[in-house]
Amino acid sequence: MSVILSIPTLGLIAILQSAVVSRLPLNRGIADLVLVVLVAIALQKTITTSWQWSIVGGLFMDFFSGLPFGIFTVSYLLATGLALFIRDRIWRFSFLLQLLVVFFGTIFSHALSFIVLFLQGTDISLGTVLQLVTLPSVILNFMISLPIFILIQDILEQINPQE
Amino acid sequence: MNIRFPKSLRIIALSLVAIGILALALSGVFTSFSRWVVLPLTSIQTWVSLQYQGVENFVSASQDVREIRQQNTELEADNARMQAQIVELQQQLIEFEILSALLEFARANPEHQYIGASVIGRDPSPFLNYIIINRGSDDGLRRGMPVVTQNGLAGRVVQVTATGARVSLITDPVTRINVRVEPSRSAAVLTGSITGDITLEQIPQDDDVNPGNLILTSGLGGNYPANIIVGQITSVRSRENALFQSASVQPVTDFSDLSIVLVIINFEPVDFTPLIPESGTP
């Protein structure tokens, strides 16, 4: 898919994330729509621009977030790297891989956020973060993974119909 | 042998027979007989009539059904329009109530100048309690300006663009606000947390603070104007050998349902940075 297409698409998704998804927390955790979309895209074998998409998505999220700039971009690049690593080694793709990568992507993102905030002197405890933020976020990300995965697959089949 | 009666006699005889039948009928002799005859006739007539009505309804129904369907479609469209209007009016009513409360707050605190702003988003990171508002530097907003709701303090502007601003809520983990407890006038520091709870810290051990006491900004530190209500103490924790007490605070603002806020635009936060000695400076 074209990198140019990623700008309006991920911009819209980032707006949705900030305006809607962030207002629907489970405990203190919130779903990461952009991460789930980027993982679903990266796991599609027909996509060759996953790295570029993850950079665009990360930049949008960094723009919307008050966290130090770059945390989302680095997290998404790590998640994309993991997705591509798995994709190139497993010949038959399963939806379970989407869940696996989303799980580790959420962990990457939260670990980076935690480390940076901790180094900045914010008083947060790892136990509280895992229990109240990370675990609910993982659950929410799992919940939105299936519909997004199916949607991305359908869109790609519409764009590149297989013979 | 063919006996022929005169015509007049026949008429008389027939008349007598008719009168006799009528007399018998009027006297009720034929009642039981007529019941036997009329009952099946009535039943048959009823059945025929019902069948006819059924056929008549079927024939006329096709036209009625078309009209009813059309009316139904129109009514459904009207219903949908009205439902949308109800939702819109309910939304307007909520906004009106919030704006009335904000106006009341602004009238009650006339020392400040305010700009109203809508909350258009939240920080996408669950680690930060930030909101995004639809007013920016074009509207006169500057970094550090306090943000309030109709109930009390909400946070402060931490980043401004031309048409929007990011507001750090008082529940954010990095929040540190100098406050005082009423009525004891004890000084304390309010801190946020990752859980969204806010806590009072550094309350002197000897000060008398109790659940139900009000928390107001003290104005110390120059980051917030004084006397803005923040919350109410729900519980106090005090240990014998500790230097300070701490307390849990229930904020007056419902942060889960923020839609409109007021930014205090005539407050300039005090920048103490030049007064802080640099490391290595004598």
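1. Strands β10 (residues 229-237) and β11 (residues 244-251) of chain B pair in the antiparallel sense over six bridges. Pairing requires at least two DSSP bridges between the strands. Strands are DSSP runs (E, at least two residues), as are helices (H or I, at least four), numbered from the N terminus. B:Gln232 has B:Gln250 of β11(B) as its bridge partner.

2. On provenance: this is a predicted model, where local features need pLDDT of at least 70, side-chain atom pairs count only at pLDDT 80 or more, and totals for chains, interfaces and linings use all residues. Residues are numbered from 1 along each chain as its sequence is written, with chains lettered from A and ligands numbered from 1 in the order in which they are written.

3. In chain B, six strands close into a barrel, ordered β6-β7-β8-β11-β10-β9. The pairing is antiparallel.

4. Chain A has six helices and zero strands. Its radius of gyration is 15 Å, close to the 15 Å of the globule rule for 163 residues, so chain A is as compact as a globular protein of that length. The radius is taken over C-alpha atoms; the rule is 2.2 Å times the number of residues to the power 0.38. The C-alpha trace of chain A spans about 55 × 30 × 25 Å along its principal axes.

5. The contact takes 23 residues from chain A and 19 residues from chain B. Contact means C-beta atoms, placed from the backbone, within 7 Å. On the chain A side, α6(A) gives the most, with five residues.

Definitions and conventions. Contact = placed C-beta atoms within 7 Å.
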